[in-house]
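This briefing walks through selected packing, pairing and backbone features of the structure shown below. Please keep the sequence and the 3D view side by side while reading.

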Amino acid sequence: MKIKFHLKYSTHLGENIFVVGDIPELGNGDKSKALPMQFFNESEWYVEFETKKKKFEYTYFVRNLKDSSIREEWAPHHFECHILSKNLIVRDFWNIPVLPQYNLGTTLFDEISSQFKSQNLRALKKNTHRFKIHFPVFNPHQVLLLTGNTPKLGEWDPKRAIEMKPAGKNFWYIDVAMPALLCDFEYKYALYDKTEKSVKFFETGANRIGHPVGAEDVQIYNDVCFRVPELDRWRLSGLAIPVFSIRTKESCGVGEFSDLKALGKWAKNAGFSLIQILPINDTTAHYSWLDCYPYAAISVFALHPMYLSLKELPYSLNKKEILSLEKKSKILNQSSGVEYEAVNQYKRDFTQKYFKRNWRKIARDKDFLSFKKNNKNWLIPYAVFSSLRDEYGTTNFEQWPAYQQPSEELMNCINDEQHLLHAAVNYYCFIQWILDMQLRDAVDFLHREGVGLKGDLPIGISRHSVDAWEHRELFHMNQQAGAPPDDFAVLGQNWEFPTYNWGKMKDDDYTWWKSRFQFMARYFDAFRIDHILGFFRIWQIPMHATQGILGYFEPALAFSDEELRERGVSLSIKRLTQPFVTKEILKQIFDKEFETAENKYFKTLEDEISLKEEFSTQRKIQQNLDSNHPHFEILMNLVANVLFIEDENRAGHFHPRFNLIETLSYQDLDEHHKHVLYLLYTDYFYHRNEDFWKIKGLEKLPMLKKATNMLTCGEDLGMIPKVVPEVMQELAVLNLEIQRMPGRVDKLFTHPADSPYLCVVSPSSHDTSTLRQWWKENRAGIKFFYNQWMGHEGEPPQELSEPLQEEILHQHLFSPAMLSIIPIQEFLGIDSSTRNPKEDDERINIPSVFPHKWDYRMHISVEDLIENKKFTQKLNALNQKCGRIKGDIIQFWK
């Protein structure tokens, strides 16, 4: 059989296209043996070869002749044909991730929609053309049609169009005999509803072009991009809520995995098809409320024990346990927020006694043994780490005298009954087994209801975590990750996480990351990458600093000493990088306490004033001065009074300090240096690193996205380089649009109606105030929003009313965005029967306050929401009105 591949793809001068596949004729997957293609015209390449294989997989790639670099398409092509007597002409398109079939073919849409039964591709026999297109159709009563300008294709008459057949996941095909064609023809695809017996819509855009065939030829059209009209695109509605915030009458003081089932049932009835949660990994480090921060996990795999339901343990509870649980649950559920210490202490005590009483059953349980075996790579290190944390009273493994490094002998304690840690290690394995069962059970329930689950991937890991303990080489333990200053945190943020050693991670093909993504796919249909900028560059803060303002981008193209001189800087390195202190500055900031402060904190050498050693860095100030001392903040700011920060990994290279123009050090410069440093600053933050960061992002994100079939979303708020949205769009990663946090500095707000399709829109997030709080924060800004973006005249009311809040939500739900995911507090606020009288209780996090207590919990139970049919119908009608309930993705609640 002779095959001729035609590929529609435009290249640049000096680029050649090759095809490689899993058969000998196409190099058996070896790119060095791939077939070179021939240039046909400015947008088409071809190659011919012979094979007896009926089924194989192949991929196109571009090789640059100048530097031998390779550019690959997003996904492979699949060839399947059952005739051997004809010449086959296969017409392909280059696969790119923005094609709709990839995001609509992710796990999220698989789980919330009906699946078609695939039909095997038949032999072509007398047919001359096979049309095949990759596109998901979610309604089982709908199919794709093929129509065109030839008699065999119905001459554009919908009634004579040809019904296509499902073939493989989200593929449709049909074979047509058109041997008498003498010239090119036109065709299109359409969506047909069998129940309504009508065409829902034809694809938009120009007609597709087909070609006649020779006497011995058959053409296969592997088409892509079914062009759905904008108003008919799939748009889903979701609600965001941390698991700990869910309140049901069955929980024990905190939301539990099992509570997702009741929430999912209500969500379906209200017209939602997705629930988004915050990270759910174990954060137990201090056994106090300080562990409430969900982004500081001690393991990127282990689930948090507080989400375990004591009512759904695998072996029956005895009478004493039942009475204890009923009594304690009643007490804990009375709290308006989450009482972390009380909840976690009770669950820990309860499960430890339960584990001890049932150990003989547990030790023989085949499911438990299987779970340990299948997850041993992360489970046993986590269990050992947790046991040592309890033994030494800290997660700081540097303070574990004999166990600062993990060992094979230590890991074997799980099998050594004489080992002191044997029981504790098995206990923690048991807890993870139960958590896994309960979460998977909840996810299965959600899927049966037609509701998906979206997770959250933190960008960092805790410095004192099992991941850092076991894989120290993958992290820069001498650095801290954070975020530069913004309107919400004027001194920046210091998350205290170690930064990633991307070089080491690349060496083993990002195995740690791939494992992490694949484990998330066990539970989630979609996920949000927290601070996606971290895959391009991270805000890195030296260990001697505590505030984010003393950080710099890593990686970044820092200025060398030589370049600074070439660009007009004649100041000494000391003047650039050391805190600038003069008597005038000290008198200005200390006022009447000047002399006392000068003697206590400063030293003078050759007329130069500098901080004494014990106050020379922010870390030392923190260690030697109480944070409530009136001089604490003054000294912290003075240490930050620098112009540049030296790169700790590259001596002689310097990064401009964020907002250096606002420093006292800058104000003291002559006009020449002010101008030069301003140019250097704008170059560094807005120009010189852009292409460099794009390369770094494209090194990591494609590989990570391909690791699973989850729908990928990214949190891209804050100071965003222009290359970040470019790469996200190129890879079809959904970005986040928060109305009051526009990505452009020349705008106060964005309108959801202007959002792109591939994005997530929301009026708020867990890191912002709620709409009701925001309405009171900036009256001038609110008046502008009220008049210009909501279309109302006059002064806005002092309180955000239910109708006004619903109006804002309506803007988001009606937007063209694929996903509208809004915090549950905002939905509860649109109706008097569900509105929280204590609006300030609904704030989840304040980024500028660290540590902050994340203890928000719904003020009404999910059961109350289910009973409130009027409110549920109101939300269903709102979602339906805004076009976010379609077909059979969600069965309407009656």
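The crossing of helix 8 and helix 10 is right-handed, a crossing being called right-handed if the near helix is turned clockwise from the far one by less than a right angle, and left-handed if anticlockwise. The model is a predicted one, in which local features need pLDDT of at least 70 and side-chain atom pairs count only at pLDDT 80 or more, while totals for chains, interfaces and linings use all residues. Residues are numbered from 1 along each chain as its sequence is written, and side-chain values use heavy atoms, with hydrogens and water left out. Helices (H or I, at least four residues) and strands (E, at least two) are DSSP runs, numbered from the N terminus.

**Helix 8 against helix 10**

- The axes of helix 8 (residues 376-392) and helix 10 (residues 422-449) come within 8 Å and cross at roughly 125 degrees, where axes are lines fitted to C-alpha atoms, for helices over the stretch in contact, and angles run from 0 to 180 degrees between N-to-C directions.
- The two helices, helix 8 and helix 10, are therefore oblique to each other, given that angles under 35 degrees count as roughly parallel, over 145 as roughly antiparallel, 65 to 115 as roughly perpendicular and the rest as oblique.
- Residues making the contact (heavy atoms within 4.5 Å) include Trp378, Leu379 and Tyr382 of helix 8, and Tyr428, Cys429 and Gln432 of helix 10.

- Another open sheet is formed by 3 strands in the order 27-31-30, with antiparallel pairing, and its edge strands are strand 27 (559-560) and strand 30 (644-646).
- Strand 27 is joined to strand 31 (residues 653-656) by 2 bridges, and the bridge partner of Phe559 in strand 31 is Phe654.
- Helix 21 (residues 671-686) packs on this sheet, touching strand 27, strand 30 and strand 31, and its direction makes about 90 degrees with that of strand 31.

**Buried and exposed positions**

- Gln811, found in helix 26 (residues 802-813), counts as buried at 12% relative accessibility; buried means under 20% relative accessible area, exposed over 50%, and partly exposed in between (1.4 Å probe, protein chains only).
- Leaving aside its neighbours within four places in sequence, Gln811 is in contact with Gln739, His751, Pro752, Trp789 and Met790.
- Glu562, by contrast, lies in helix 14 (residues 561-566) and is exposed, with a relative accessible area of 56%.

**Backbone features**

- Most residues other than glycine have a negative phi, and most peptide bonds are trans.
- Asn170, in the loop between strand 13 and strand 14 (171-176), has a positive phi of about 65 degrees although it is not a glycine, and Asn170 is buried, with a relative accessible area of 13%.
- A cis peptide bond, with omega about 0 degrees, joins Glu554 and Pro555, and Pro555 is found in the loop between strand 26 (552-554) and strand 27.

How values were computed
Two strands pair if DSSP finds at least two bridges between them.
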